Amino acid sequence: MRAAAKSASPSKGLSCREALFCCHLPSAFPQESQMAKRAARIAASKNEPVVSLYPAEQTWSPLGDDDQHREQSYVRKVRPQSDNQRRLLKAIGDGNLTVALGPAGTGKTYLAISAAVEAFEEGRVARIMLSRPAVEAGESLGFLPGDLQEKLAPYLRPLYDALSDRLGGKRLRALLADGSIEIAPIAYMRGRTLNNAFIVIDEAQNCTYGQIKMLLTRLGWHSTMVLTGDPDQSDLLPGMSGLADIAARLSELPDVAVVTLDEKDIVRHPLVASMLTVL
């Protein structure tokens, strides 16, 4: 009996209470044990090699095997697609006042805004001024909510789209916020002198003779103005548009360039050029 009790006794030199505490010691700290196991797993995972889903030697393109990759969200250089478009860009670069006439889709507005952005980027002008008549195409939507910018936003959307293509949305918002690019309605242009600016007057066929005359006389020092429009596509009453009369009078001045584009310069869908010949 004594031998059995002696063999079942705790380790030598420890009391019964100490031996009991030591037997339960590993289960007394379960969190430390789990943290040690977790640290071991993390260390082991860091040593495992990482296999790439797309190896470096493989180049993937959304256009497939075509060598011509997709362009960026903005275009820095715009190339003319026809002789008349080349004449228009040259006239804008050489003179201070250019009138661009032509049917829809010939790139009048886009080329003018491209030239304005290029002049601004090169430091030749300090700001860009864009103006467009607030005239609906055949139907009236009534009074629009919001402040001045919100009311004009539907009418000026084509200008915003062209600027976004050339500058990118983030930079366009920054330039509009600091006033480097100003989009103003024609109704508030009287009395202003636009110095060191690039002015684009879009959809001038929806302006009267008096409005165009007022806009042309806003031109100041070190400024360039481009007037674009289609005399055959006016939303005003017959005889009210003054674009054709203004263009005929300005064509007699040697320092003013009047560039006329036609159906061969249309860069939209080919059906647009075909329809304009019969409509």
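Axes here are lines fitted to C-alpha atoms, for helices over the stretch in contact, and angles run from 0 to 180 degrees between N-to-C directions. Helices (H or I, at least four residues) and strands (E, at least two) are DSSP runs, numbered from the N terminus. This is a predicted model, in which local features need pLDDT of at least 70, side-chain atom pairs count only at pLDDT 80 or more, and totals for chains, interfaces and linings use all residues. Residues are numbered from 1 along each chain as its sequence is written, and side-chain values use heavy atoms, with hydrogens and water left out.

**View 1. Helix 5 against helix 7.** Helix 5 spans residues 108-121 and helix 7 spans residues 157-167. Their axes come within 10 Å and cross at roughly 45°. That makes helix 5 oblique to helix 7; angles under 35 degrees count as roughly parallel, over 145 as roughly antiparallel, 65 to 115 as roughly perpendicular and the rest as oblique. The crossing is right-handed, meaning that the near helix is turned clockwise from the far one by less than a right angle.

**View 2. Residues between helix 5 and helix 7.** From helix 5, T109, Y110, I113, S114, V117, E118 and E121 take part. They meet L159, A162, L163, D165, R166 and L167 of helix 7; contact means heavy atoms within 4.5 Å. The residues of this contact divide into seven nonpolar, two polar and four charged. Ala, Val, Leu, Ile, Met, Phe, Trp, Tyr, Cys and Pro count as nonpolar, Asp, Glu, Lys and Arg as charged, and the others, Gly among them, as polar.

**View 3. Helix 4 against helix 5.** The axes of helix 4 and helix 5 come within 10 Å and cross at roughly 35°. This crossing, too, is right-handed. Q85, L88, L89 and I92 of helix 4 meet K108, L111, A112 and A115 of helix 5. Six of the contact residues are nonpolar, one is polar and one is charged.

View 4. D94 pairs with K90 in a salt bridge, with the closest N and O atoms 2.8 Å apart. The term requires a side-chain nitrogen of Lys or Arg within 4 Å of a carboxyl oxygen of Asp or Glu. Both residues lie in helix 4 (residues 83-94), four residues apart, about one turn of the helix. The structure holds ten salt bridges.

**View 5. Confidence along the chain.** Mean pLDDT (the predictor's confidence in each residue, from 0 to 100) is 79 for the protein chain, and 73% of its residues reach 70 or more. Over residues 1-11 the pLDDT is below 50. Where pLDDT is low, the predicted coordinates should not be read in detail.
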